Every structure is written in structure tokens, then in C-alpha cells.
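Welcome to a short tour of a protein chain. Take a moment to look at the sequence and the model, and then read on.

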Amino acid sequence: MATGRTHRPATRSRGIPEATVARLPLYLRALTALSERSVPTVSSEELAAAAGVNSAKLRKDFSYLGSYGTRGVGYDVEYLVYQISRELGLTQDWPVVIVGIGNLGAALANYGGFASRGFRVAALIDADPAMAGKPVAGIAVQHTDELEHIIEDNGVSIGVIATPAGAAQQVCDRLVAAGVTSILNFAPTVLTVPDGVDVRKVDLSIELQILAFHEQRKAGEETGHESAAPAPVADAGAVAADRKGPDGDVPAVMPA
């Protein structure tokens with residue numbers, strides 16, 4: 001079986017836009033669910049709804065794969081699963097190392113979705129000598145002193161960083177120097193990498209802050225609707241007397 005060090009996905013050479021590449025896993029997830037239910041075909045509208053995109057965008061994305069479906073029938077589910085899996089490079093073995101086996105790293109190691117999607121956790125690595133040899137998800141943790149040998153011996157090209165922020169860049173540098181060309185970064189920091197190395201950052205706090213923004217905006221919209229009715233006009237003195245702030249009266253004219 002081919003490994004990640006000997007073959008890379010063909011998406012760049014085929015000129016598939018990065019935005020389309022980012023949506024392919026969404027389509028694959030929806031298609032896999034259909035396949036597990038033994039659904040043979042699916043329309044672009046049904047698949048788009050399941051993936052959370054519009055059908056026109058889906059049809060455009062699939063045109064880059066050379067898949068156009070059949071009028072009145074739709075898309076063959078199993079064939080699309082194969083097409084997308086092949087395009088993403090999931091029809092081969094991708095050995096992965098996870099560096100930083102704290103709570104998050106251990107949770108990632110225990111995630112069962114890696115193997116079913118073409119990723120094999122080749123090694124778990126941590127800087128704490130007390131962790132060395134301890135089994136996590138059935139894999140013995142190894143010390144960071146062995147990192148370079150582990151990458152070479154397993155032909156690793158994908159590394160996952162789940163360390164504290166202060167250690168992430170040093171770990172990243174060592175991974176890159178050892179031959180890793182793709183990094184999934186869970187550390188709350190921005191990594192600097194040379195050309196030719198791909199980094200995907202997963203920052204849960206940023207995602208929560210974005211959600212907080214949308215919650216605040218929705219709350220503001222609801223408040224705006226409630227106060228949409230025009231208030232009766234009163235004289236300036238009455239308005240000044242009625243204006244209250246959190247600390248008491250608000251003067252009608254603030255001092256310069």
C-alpha cells in the first residue's frame with residue numbers, strides 16, 4: 001500500500017480551486033451516510049442540502065471531478081464516494097503522528113474516525129518523560145527525543161500538533177526538518193513554516209468567539225424589532241429628566 005511520503009493528492013495538478021477542495025469532505029460525509037443506508041443515487045438538491053451548500057455550487061464543484069450525474073436519476077452514491085476519496089487521497093494509507101498527549105492529544109488519539117478515513121495514527125509523542133511507554137488508545141506514547149526517527153521509520157508526512165502554545169513552533173520546526181509537509185495545528189498560536197508546507201489551524205476559542213458574535217448580533221436584531229415603534233416626541237426638558245444610565249441620571253449635554 002502506498003504511503004503519504006510517496007504520493008500526494010492530484011487536486012493541485014488538476015486545478016481544482018481550494019474552496020472546492022474545502023467542500024469535498026462535506027460532500028463525502030453526506031455521501032458516506034447515504035451509502036451506509038444503502039441509498040443508490042442522490043439528486044444534486046438532496047446532496048447539497050445534506051452538505052449545507054447550494055445545488056448550483058455542488059454541480060460546479062463536481063464538474064471539476066468530471067462527474068455530472070444523470071438527468072432524472074442523479075449521482076451514483078458509491079461512485080461519488082470513490083471519486084472524492086481518490087481526489088482527497090483517502091484511498092491510500094496516510095501515517096500520522098500526534099505530538100502533545102495531554103487531554104486534547106489523547107482525545108484525538110482515541111478518535112475512531114481516522115482509520116475509517118484513510119489515516120493511521122503511527123505514533124503518539126510527548127515531551128514528558130513520565131508519559132513514555134504509557135498506552136493511549138492502544139498505542140504506547142514515545143518521547144520527543146525519538147521524533148525524527150519515528151517520522152523516518154514510518155514515512156510520516158502529516159503531523160498533528162496538540163502541544164501548549166509555547167512549544168508549538170519548536171515542534172513544528174522539528175517536524176518540518178524531519179520531512180513532514182502537512183501540519184494540523186491545535187495549539188493556540190500561529191506557526192511559521194517554509195514554502196511547500198501546508199498548515200491547517202483548528203482554534204476552538206476563535207470558533208466560539210465567532211459564534212458569540214453571531215449570538216450578539218441576533219440579540220441586537222431582536223431588540224431592534226421590539227423597539228421599532230416610534231416613540232412619542234416630548235420636550236427636551238422632559239427627555240433629559242427621563243434619561244437614566246446604569247449609574248443614575250444622564251445629563252442632556254455631556255460636558256466637553
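What you see is a predicted model.

**The chain as a whole**

Let us begin with the overall picture. The protein chain contains ten helices and eleven strands. Of its 256 residues, 35% are buried. The chain exposes about 15400 Å², and carbon and sulfur atoms supply 56% of that area. Among contacts with a separation of 6 or more, 58% join residues 24 or more positions apart.

How confident is the predictor in each part? The average pLDDT of the protein chain is 83, and 82% of the residues score at least 70. Residues 1-13 stay under 50, and for them the model has 33 contacts beyond four places in sequence. Over residues 234-256 the pLDDT is also below 50, and this stretch has ten contacts beyond near neighbours in sequence.

**The sheet**

Now to the strands. Seven of them form an open sheet with mixed pairing, in the order S5-S6-S4-S3-S7-S8-S9. S5 and strand S9 (198-201) are the edge strands, each pairing on one side only. In general, strands of a sheet pair through backbone hydrogen bonds, either parallel or antiparallel.

| Strands | Sense | Bridges |
|---|---|---|
| S4 (residues 119-126) and S6 | parallel | three |
| S5 (residues 135-136) and S6 | antiparallel | two |
| S7 (residues 158-161) and S8 (residues 182-185) | parallel | four |

Individual residues show how these strands line up. Proline 135 stands opposite alanine 140 in S6. The hairpin of S5 and S6 has two residues between the strands, and in it alanine 137 takes a positive phi near 55 degrees. Elsewhere in the sheet, valine 160 has leucine 184 in S8 as its bridge partner.

**Histidine 143**

Where does histidine 143 lie? Its place is in strand S6, which covers residues 139-143. Aspartate 126 stands opposite histidine 143. Leaving out residues up to four places away in sequence, histidine 143 touches Ile125, Asp126, Ala127, Asp128 and Pro129. Its side chain also has a polar atom 3.0 Å from the backbone nitrogen of aspartate 145.

**Phenylalanine 186**

Beyond its neighbours within four places in sequence, phenylalanine 186 is in contact with Leu104, Leu108, Val160, Ile161, Ala162 and Val202.

**The nonpolar cores**

The largest nonpolar core has 23 residues, and Tyr27, Leu31, Val42, Leu47, Leu58, Phe62 and Ile84 have the most contacts inside it. Which helices supply at least two residues each? They are helix H1 (18-36), helix H2 (44-51), helix H3 (55-63) and helix H4 (77-88). H1 gives the largest share of this core, with seven residues.

Leucine 31 gives a close-up view. Apart from its neighbours within four places in sequence, leucine 31 is in contact with Val42, Leu47, Val77, Leu80, Val81 and Ile84. There is also a second, separate core of 20 residues, including Val99, Ala123, Leu191 and Val197.

**Serine 85**

Our last stop is serine 85, in helix H4. Serine 85 counts as buried because its relative accessibility is 13%. A polar atom of its side chain lies 2.7 Å from the backbone oxygen of valine 81. Setting aside neighbours within four places in sequence, serine 85 is in contact with Leu28, Leu90 and Thr91.

Note on methods: Residues are numbered from 1 along each chain as its sequence is written. This is a predicted model: local features need pLDDT of at least 70, side-chain atom pairs count only at pLDDT 80 or more; totals for chains, interfaces and linings use all residues. Side-chain values use heavy atoms; hydrogens and water are left out. A polar contact is a pair of N or O atoms within 3.5 Å; within protein, one must be able to donate a hydrogen and the other to accept it, and residues adjacent in sequence count only if both atoms are side-chain atoms. Contact means heavy atoms within 4.5 Å. Two strands pair if DSSP finds at least two bridges between them. A nonpolar core is a set of buried Ala, Val, Leu, Ile, Met, Phe, Trp, Tyr and Cys residues joined through side-chain atoms within 4.5 Å. Buried means under 20% relative accessible area, exposed over 50%, partly exposed in between (1.4 Å probe, protein chains only). pLDDT is the predictor's confidence in each residue, from 0 to 100. Accessible areas come from the Shrake-Rupley method with a 1.4 Å probe; for residues, only the protein chains shown count as cover.
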